[in-house]
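Here are a few notes to read alongside the model on your screen. Take them one at a time, and find each residue as you go.

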Amino acid sequence: MDAVRIRIAELDPAGFRNEARAALDVYVAAMGYSPRVTWQRSPIWHEHSTWAGFTAVAAFAPATEAEEEAHIAPLGSGRRGSRSSGKAEGSADGSAGSSRSAGRHSPRRAFRWALPRRAETEPTPAPAESAATAAPAIDADEPERLVGIGYGYRAVPGQWWYDRVAAGAATAHVELPGLAAELTELHVHPNLHGNGIGTRLLSAFLDTRTEPSVLLSTPEVDGEANNAWRLYRRMGFQDVLRDFLFEGDPRRFGVLRADLHANGDTATEGLAG
């Protein structure tokens, strides 16, 4: 498959809701769920977009490349990504959508997330493309397809996920960060796995956060041998809880944490292992 051009954009809540149906299509494809799940999850995702500290990032590809190169089925609605709904990664002006003021962005610049030293046994990522070899940008008038989505919000008591994680942490005598975001969803269309889109989405999501820590949960896999676990480990996520059960779900989960670092300082000590 030839390289598919990808644009990463931050979506404001209104932009996220506008793209929610396309994002849910990616979610269903990535998880292998029935398309009926789209209609079940849609009101939940819309509600999440109203929660405090909500941020979202999306990956867009030219519609023709998504359909012809990645063989993603065409959208009957002919939807395209809205460039006015978010901040394009690497855009010339770095401007945000209409609902995000400069003041909202300014606290973020005080934090930088840093990767821990990789173990010798971890695979070495492919070198980043140079400016000379990078894929050309997507033209402003090209129709786009959303092919990846990530979102989250501030984790606070009273939220279903956070309350269960907090209870599990208390039982295990593990201290949770006093202020953290939850990475709620991160998905890339399976036809585009292996192209670094998940890494770019997660990096962009972390850049949107003002909290000093980010929490997430992901299903356990033997030997952590899947793309999700490899990505989270590469991006500095450490164990909080392992083999954790959420009520109503027979799967076991790992609850992970990454600390964002002020002024580039590393702060990995004291994490539960």
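1. Let's start with glutamate 224, which is partly exposed, with a relative accessible area of 22%. Buried means under 20% relative accessible area, exposed means over 50%, and partly exposed is in between, using a 1.4 Å probe and protein chains only. You will find glutamate 224 in the loop between E7 and helix H7 (227-234). Its phi is positive, about 55°, although glutamate 224 is not a glycine.

2. Before going on, please keep in mind that this is a predicted model, in which local features need pLDDT of at least 70, side-chain atom pairs count only at pLDDT 80 or more, and totals for chains, interfaces and linings use all residues. Residues are numbered from 1 along each chain as its sequence is written, and side-chain values use heavy atoms, with hydrogens and water left out.

3. Now look at histidine 173, in the loop between helix H5 (160-171) and E6. Histidine 173 has a positive phi near 60°, and it is a residue other than glycine. Is histidine 173 buried or exposed? With 74% relative accessibility, histidine 173 counts as exposed.

4. The labels come from DSSP runs numbered from the N terminus: helices are H or I with at least four residues, and strands are E with at least two.

5. Which strands does E6 pair with? Strand E5 (residues 144-155) runs antiparallel to E6, and 8 bridges join them. Strand E7 (residues 213-219) runs parallel to E6, with 3 bridges between the two. Two strands pair if DSSP finds at least two bridges between them. To see the pairing for yourself, find glycine 150, whose bridge partner in E6 is leucine 186. Then find alanine 180, which stands opposite serine 213 in E7.

6. Next, follow the chain from E6 through helix H6 (residues 197-208) to E7: together they make a right-handed β-α-β unit. Right-handed means that, with the strands pointing away from the viewer, the path from the first strand over the helix to the second runs clockwise.

7. Finally, step back to the whole protein, which has 7 helices and 9 strands. Buried residues make up 43% of its 273 residues. Taking contacts (heavy atoms within 4.5 Å) between residues at least 6 apart in sequence, 78% join residues at least 24 apart.
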